[in-house]
Structures are given as structure tokens and as C-alpha cells.
Amino acid sequence: MVINMVSRSSSIINEFNLVEDVFLDIRLCRDGLRIEFEIATQCVEGRLCLWFNRGLEIEKLYIDNVKQRISHELSVDPDLKAIELKRLFIELEKGRYSIKGVLKGRIEPIMGLHGSIDKLHVLRPTTLYYPFTTSCKSILIPLLLCEHRDAEVLFHSDILHRFKCATSLYRVDSYWRASERVSPIEVVIGRFRISRFEDNFKVYVYSLHRKPLYSAKKIHDVLEKIDMAYRESFDVEIPIKEHHIVFLPQGGGFSSGTLTALDERFVKDEKGLIVNLVHEICHKWWFGTIKFCDRESMWLSEAIPEYITDYILHFLKLKPIEDSKNKRLTIARDIVVDSKYRPPTDVPIPLSDFEEKIWRIVGTAILYRVEDTVGKENMFELLSRYMKESIKSKTLYCLTWSKMRSDLIELSSDVEKVLSEYRV
Ligand SMILES: [Zn+2]
């Protein structure tokens, strides 16, 4: 996502609750992207902040019905430091406004793949939502009414999928107003070749290459295997039946609603494909929402998929669990001892490393240590229960560390001792 509106402090968030409609049109043009947006807001008064990625310039901006309106200031946000997003402040008086604008340009990556790579544009707002950036503690999610006119644009959002909104017209404002924490809309734009396979899992594969790395049929077959492993191990089935798989040339994978992006470099052989698919599929149970629950829970969003992936690989006889476990415990010990990390809140290193080392390795190691204490059966039962609750939940299900922590302590009081070692 390119534009995000956030309020500077929680004290004014209520005043900005009344964003009514947001329209977003993103199109691929010769020199990059053209993004038109329109926001209708019934702001009481205060400062509205629009964020957008580096590389995009404002071509037009109009605000109607405002007398003394824009004190606009384009700058890098000090709270986001390395991320360097642009922001535009608009001072609003009482009233109803319509703000329209056009942004043009190529998106510069702000983290890994999130930017323009040749003719591929991947827009992810994730970095904006990390709660450790002080500006973003309170979030007003942005552009909730989007219409795409270009078939090569894939819009995806967990929340949209969750509430089964139409695929060509997204309108979710009333849904997300119920909760301040909603996963973002992901946008992937490129000139793709598409292959499809329809069976019990509908699979669409998008690739920038002439021929995708794997056919839709192949992905389908792998998904069936993974589904069986999830059923056998956790008594749950993959929560979606339609898959949009996008192969990206770099930047890592991600998961959102029916969209699963895979980094081609990591899925060259079948084992790599399975590892990455299992991990990304796992995110779908929580609809990408764990990291938005609170700062203390963020690490679960990667630790749980990693932990579960290790077991699914074991189940599929691709890697013995003992090997995965020992490796993670050893590396995690070094990380925790050497750098005195206290996951998940210490962020002394770039975000991607932070995710890699803290969330994945240390986070998974913590789950293994807890498993040793409460027993594998209990651990599986707990995770299975959370997965089922998440699917059943009528509102956004936020699995928080405090909930999981107290559930684990209920299973064994020794859990606290283990957790204190990792200072979580
Ligand atoms: Zn992940």
C-alpha cells in the first residue's frame, strides 16, 4: 500500500474515525505506477497524515471545502528512521472533506522486495504497521475502497478475504472500523503469465517469466500433500480453497488472504517449494493479524509458522524434527547470549535481520523450550485450538503472546522459568 493515514497520537484517533470512503486506482504505465486516490472524511478537526513510499511524487493534490487547509510538509519520519517514507500533513478544520490526489513514479524498496523490480511492483504496507514505530501505534487504515481496472493488478488483503468481499471491488470500511487493527492490503502489479488448475484447490500461478517455475497442477498436488499433513498433525485443513501464487524474483515470500508470494530463489527444488508453501500457508490461519495485536506478540507471527513448518517437514519425511530443533536451539543460544536480545522488542538491527534472527530462530527456539516443558501433545493441542478459533471467529482473531503465555503457564508452572531465560 502506498498511502496510509495515521494519526499522530491516540488522543486524536477518534477524530479521524470518520474516514468514509477511500478510492484507490493503481495502474501500470510506461514510467511506473500511477496511483489515484480519493478520500472522503468527516474529520472533526486536526492533522491528517498521508504516508507514501519513496520514489513516488505527488502530481496533483486537491482538497475541497477547506479554507485554511494544507500545512503540508514532506519529510522522512524520524520514528521510522531506516524506512524513509514520505509524509504529507494536512491540517483540517471542522467539516467534511474530499481529498484527491495523483501519485506517480516507481516505488523504491523500503524493505526487501517491497518496491519496484523491473516491471514488477510490490506494495506492502507492512513496515508501517510495526507497532514499535511510535507514529503508528494507532492506526487508521487507509484506502478501503479500491477498484482495479487492470487485470494484471492483484489486490489482496486478509481482511477482504475474511469477509468475502467481491474481488473486483473492495469495500471494507465498516468491517475494519470495528477494530483498529486490520491487516493491510497487499498489491502486486506486473505483466504476468498465468497458469491455472481447478480441482479441490483452485490454483492460479502468476509468473513474470515465460514459463512459471511450477505449473498450477504441480502446486495443487503439493498443496494436497501439505493439507494432509496439517490434517494429520493439527486436525485442521488449509483454510482457503483458492490460491493465487505469485513467483517473485527476490525479496522473500509473504502471505495475505488467497495470495501467496514465493521468492523464486528459495523454491528452486521441490523441498524448497514445500518449506516455503507450508510456512506461508500457516500464516493464513491468523490472517496475518498476529503482528498487529501488540508489540509483545509480534514475534509469534513468524515463530509459530516456523515451528509448525519444522513439524510438517518431519511428517512429510523431508527433515527429521530433531535436526531442525537442535539447529534452532544452538543458533538461538548464540544470538541470545551474544547480543542479549530480548525478543521481540529489541530492534537494534535492520528489520529484515530482525525478523530473520529474532522472530524466526529465537522465537522458534522459545516454542521448542516451552514444548519440552509442557509436552508436545499439549503444545499441538493448543496450536490446533488457536487455529480453529481463528477460523471460527466472526471478528478479527488476535492471538496475543499474553494469551498464549497464560495458556502455557496453566499447562505447567515451569514455563515461566523457561521464558525468563529469554526475557519474554
Ligand atoms: Zn512468515
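Trainee: Where is Leu 88 found?
Mentor: Leu 88 is found in strand β7, which covers residues 86-92. Strands here are DSSP runs of E with at least two residues, helices are DSSP runs of H or I with at least four, and both are numbered from the N terminus.

Trainee: And what are those residue numbers counted from?
Mentor: Residues are numbered from 1 along each chain as its sequence is written. Keep in mind that this is a predicted model, in which local features need pLDDT of at least 70 and side-chain atom pairs count only at pLDDT 80 or more, while totals for chains, interfaces and linings use all residues.

Trainee: Back to Leu 88, then: what does Leu 88 count as, with its C-beta neighbours inside 10 Å?
Mentor: Leu 88 counts as partly exposed, because it has 19 C-beta neighbours inside 10 Å. A residue is buried if 20 or more other C-beta atoms lie within 10 Å of its own, exposed if 12 or fewer, and partly exposed in between, with the C-beta atoms placed from the backbone. The C-alpha atom of Leu 88 is also separated by 8.4 Å from that of Phe 52, although the two residues are 36 apart along the chain.

Trainee: How many helices and strands are there in the chain?
Mentor: The chain has twelve helices and 20 strands, and 43% of its 424 residues count as buried.

Trainee: Let's look at a sheet. What order do the strands of the open sheet of five have?
Mentor: The order is β16-β17-β18-β20-β19, with mixed pairing, where two strands pair if DSSP finds at least two bridges between them. The edge strands, each pairing on one side only, are β16 (193-197) and β19 (254-256).

Trainee: In which sense do β16 and β17 pair?
Mentor: β16 and β17 pair in the antiparallel sense over five bridges, and they form a hairpin with four residues between them. As an example of who faces whom, Ile 194 stands opposite Tyr 206 in β17.

Trainee: How do β17 and β18 run?
Mentor: β17 and β18 run parallel and are joined by five bridges, with Val 205 opposite Ile 245 in β18. Strand β18 is mostly covered, since six of its seven residues are buried.

Trainee: How many bridges join β19 to β20?
Mentor: Three bridges join β19 to β20 (residues 259-263), and these two strands run antiparallel.

Trainee: Which strands does helix α4 lie across?
Mentor: Helix α4 (residues 216-234) lies across β16, β17 (202-207) and β18 (242-248), and it runs at about 130° to β17. For such angles, axes are lines fitted to C-alpha atoms, for helices over the stretch in contact, and the angles run from 0 to 180 degrees between N-to-C directions.

Trainee: At what angle do α4 and α7 pack?
Mentor: α4 and α7 (residues 300-315) pack at an angle of about 105°, with their axes 10 Å apart. That makes α4 roughly perpendicular to α7, because angles under 35 degrees count as roughly parallel, over 145 as roughly antiparallel, 65 to 115 as roughly perpendicular and the rest as oblique.

Trainee: Which residues in α4 meet α7?
Mentor: Ile 226, Ala 229, Tyr 230, Glu 232 and Ser 233 in α4 meet Tyr 311, Ile 312 and Phe 315 in α7. Contact means that the C-beta atoms of two residues, placed from the backbone, lie within 7 Å.

Trainee: Which residues have the most contacts inside the largest nonpolar core?
Mentor: That core has 75 residues, and those with the most contacts inside it are Val 205, Ile 226, Ile 245, Val 246, Val 278 and Ala 303. A nonpolar core is a set of buried Ala, Val, Leu, Ile, Met, Phe, Trp, Tyr and Cys residues joined through C-beta atoms within 7 Å. Leaving aside its neighbours within four places in sequence, Val 278 is in contact with Ile 226, Thr 309 and Ile 312.

Trainee: Where does Lys 317 lie?
Mentor: Lys 317 lies in the loop between α7 and α8 (321-339), and it is exposed, with 7 other C-beta atoms within 10 Å. Its phi is near 60°, a positive value in a residue other than glycine.

Trainee: And which residue follows α12?
Mentor: Arg 423 follows α12, and its phi is positive, near 55°. Arg 423 counts as exposed, with 12 C-beta neighbours inside 10 Å, while helix α12 (residues 415-422) is itself hardly covered, the count of buried residues among its eight being zero.
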